[in-house]
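Keep the structure in view while reading.

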Amino acid sequence: LGTHLLLFGHIYERKKGAKPKKKSWTKVKVKDKLNNAVMLEPKQYDRVLKEAPKLLLISRGVLCDKFKVNGSVSRRLLKDMMAKGLITQVGDHHHAATFYTGKEAKKPVPGEEVKAEN
C-alpha cells in the first residue's frame with residue numbers, strides 16, 4: 001500500500017511531516033501601561049491650577065490625559081479647585097461622570113458658532 005494505511009476496511013492516506021500550528025482567532029493588541037503620577041509636585045500643582053480653569057470641559061479623564069496624573073489624584077484636584085472657586089460643576093449624576101467647566105474658559109457665543117465656512 002505504500003503511503004496509504006488500511007484500517008478496518010478503509011484506506012487512509014499517511015501524513016508526512018509535522019502537524020501545522022493552530023491559528024489563533026484574534027491578534028490581541030497590548031496597550032502600553034500608563035506611567036501617571038500618583039503624587040503631585042508643587043510645580044505641577046501650580047501648573048494645573050493655572051491651566052485647568054481655562055478649559056471649557058473638565059473631567060477626571062481630561063486631567064489624567066493632559067497632566068499625566070492618576071485618577072485618584074485628578075478627583076482630589078477637582079474637589080480642590082471647586083473649593084477654591086476656580087471651576088464650576090456642570091452636571092451631577094451618581095452613575096455618570098461629573099463634568100466641570102473653568103471660570104476663565106471662553107464660552108461659545110450662540111450667534112458665532114453657526115457661521116458657514118466658505
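**The core and its surroundings**

The largest nonpolar core has 13 residues, and Leu63, Leu78 and Met81 have the most contacts inside it. Such a core is a set of buried Ala, Val, Leu, Ile, Met, Phe, Trp, Tyr and Cys residues joined through side-chain atoms within 4.5 Å. Buried means under 20% relative accessible area, exposed over 50%, partly exposed in between (1.4 Å probe, protein chains only). Helix 1, helix 2 and helix 3 (71–84) each supply at least two residues of this core. Helix 3 gives the most, with four residues. In soluble globular proteins, nonpolar side chains tend to be buried together.

This is a predicted model: local features need pLDDT of at least 70, side-chain atom pairs count only at pLDDT 80 or more, and totals for chains, interfaces and linings use all residues. Residues are numbered from 1 along each chain as its sequence is written, and side-chain values use heavy atoms, with hydrogens and water left out.

Take leucine 78. Its contacts (heavy atoms within 4.5 Å) include Ile58, Ser59, Leu63 and Tyr100, leaving aside residues up to four places away in sequence.

Serine 59 lies in the loop between helix 1 (42–51) and helix 2 (60–67). Serine 59 counts as buried because its relative accessibility is 10%.

Now the whole chain. Its elements run β-β-α-α-α-β-β from the N terminus. Helices (H or I, at least four residues) and strands (E, at least two) are DSSP runs, numbered from the N terminus. Of the 118 residues, 17% count as buried.
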